Every structure is written in C-alpha cells, then in structure tokens.
Amino acid sequence: MGRGDCYAPYFMVENGKVLLWYIDMTAKQGIDVDGVPYFDDLYLDLVVYPDGTIIVDDMDELEEALSKKDITQEQFNLAVETSHRLQREMLSNIPSFIEYTKRCYEMIRKLRN
C-alpha cells in the first residue's frame, strides 16, 4: 500500500494461514495528531478468499450514501474505480498476494514481540 491509495486492507489469520482479506474502499487516510491511524470509509468493500473468490460487498450502502448525499459523485466513482483497479491488479494474482500478506503478518508479529 502506497501513499494516496484509497483502500484499507485487513486480513484474518488462523494458525499462520490466511482465511480471508477484507478491504475497505476509502476517501482518504492518515494519522491524527495523537498518532492514531484513520480512514474515511466509502462503504464499498471487497471480501477476498485464498481460492481467488472475490465478493463485492455493500454496493447497496454505497448507492444509498450517494442518493442521500452523504458522499459525492466523485467519492462514489473513487470507491467503484478503486475496487475495479484492485481486482484487475493486486488481486489478480492471489498466490503473490498471499506471499505479500505473509510478509506483512511476520512484520506485525515481530513488532508485537
């Protein structure tokens, strides 16, 4: 994940094995004055399984937020375009994504110890 990316990924691991990833589409992200990371959720999510299955989740919430003017058309487009880009690029090679996740998981484990 680089600067300016409009998504926030999470992963669930059991016994060192990735069970799934949950990726929030976001408007922006950063670190507040207290050093706490934050992001502005854009409702749309991807649920990704190690077998390559990808579920687009909460599109109805994204559409409702747009109709209620809780988000702008630009934010709606950003969420949809980010979701499509992730599926075309990063999530198109699940074995590579699993290896990347394992490296991230190991770094997190080392930081906790």
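The model is predicted, so local features need pLDDT of at least 70 and side-chain atom pairs count only at pLDDT 80 or more, while totals for chains, interfaces and linings use all residues. Residues are numbered from 1 along each chain as its sequence is written, and side-chain values use heavy atoms, with hydrogens and water left out.

**The core**

Let us start inside. The largest nonpolar core has 20 residues, and those with the most contacts inside it are Ile 23, Met 25, Leu 46, Val 48, Leu 62, Leu 86 and Leu 91. A nonpolar core here is a set of buried Ala, Val, Leu, Ile, Met, Phe, Trp, Tyr and Cys residues joined through side-chain atoms within 4.5 Å. Buried means under 20% relative accessible area, exposed means over 50%, and partly exposed lies in between (1.4 Å probe, protein chains only). At least two core residues come from each of strand 2 (17-31), strand 3 (37-48), helix 1 (59-67), helix 2 (73-88) and helix 3 (94-112). Helices (H or I, at least four residues) and strands (E, at least two) are DSSP runs, numbered from the N terminus.

Leu 91 shows how these pieces meet: leaving aside neighbours within four places in sequence, Leu 91 is in contact (heavy atoms within 4.5 Å) with Ile 23, Leu 46, Val 48, Ile 54, Leu 86 and Phe 97.

**Helix 3**

Helix 3 has 19 residues and reaches 27 Å from its first C-alpha to its last, close to the 27 Å expected at 1.5 Å a residue; that expected span is 1.5 Å times one less than the number of residues. Ile 94, Phe 97, Ile 98, Thr 101 and Cys 104 are its buried residues. Seen down the helix axis, they fall within an arc of 125 degrees, so they line one face of helix 3. The arc is taken from the directions from the helix axis to the C-beta atoms. These buried residues pack against strand 1 (7-14), strand 2 and strand 3. On the face turned away from the buried side sit the exposed residues Pro 95, Arg 103, Met 107 and Lys 110. At the N-terminal end, Asn 93 caps helix 3, with a side-chain oxygen 3.1 Å from the backbone nitrogen of Ser 96.

**The hairpin and its surroundings**

Strand 3 pairs with strand 4 (residues 54-57) in the antiparallel sense over 4 bridges; pairing requires that DSSP finds at least two bridges between the strands. Leu 46 stands opposite Val 56 in strand 4. The hairpin has 5 residues between the strands, and Gly 52 takes a positive phi near 100 degrees there.

Val 47 is also found in strand 3. Not counting residues up to four places away in sequence, Val 47 touches Leu 20, Trp 21, Tyr 22, Thr 53, Ile 54, Ile 55 and Asp 57. Its C-alpha atom is separated by 11 Å from that of Leu 91, 44 residues apart along the chain.

Tyr 43 belongs to strand 3, whereas Asp 58 lies in the loop between strand 4 and helix 1.

Met 59 lies in helix 1 and touches Leu 44 and Val 80, again not counting residues up to four places away in sequence.

| Residue | Relative accessible area | Class |
|---|---|---|
| Tyr 43 | 27% | partly exposed |
| Val 47 | 9% | buried |
| Asp 58 | 17% | buried |
| Met 59 | 28% | partly exposed |

Methods:
A polar contact is a pair of N or O atoms within 3.5 Å; within protein, one must be able to donate a hydrogen and the other to accept it, and residues adjacent in sequence count only if both atoms are side-chain atoms.
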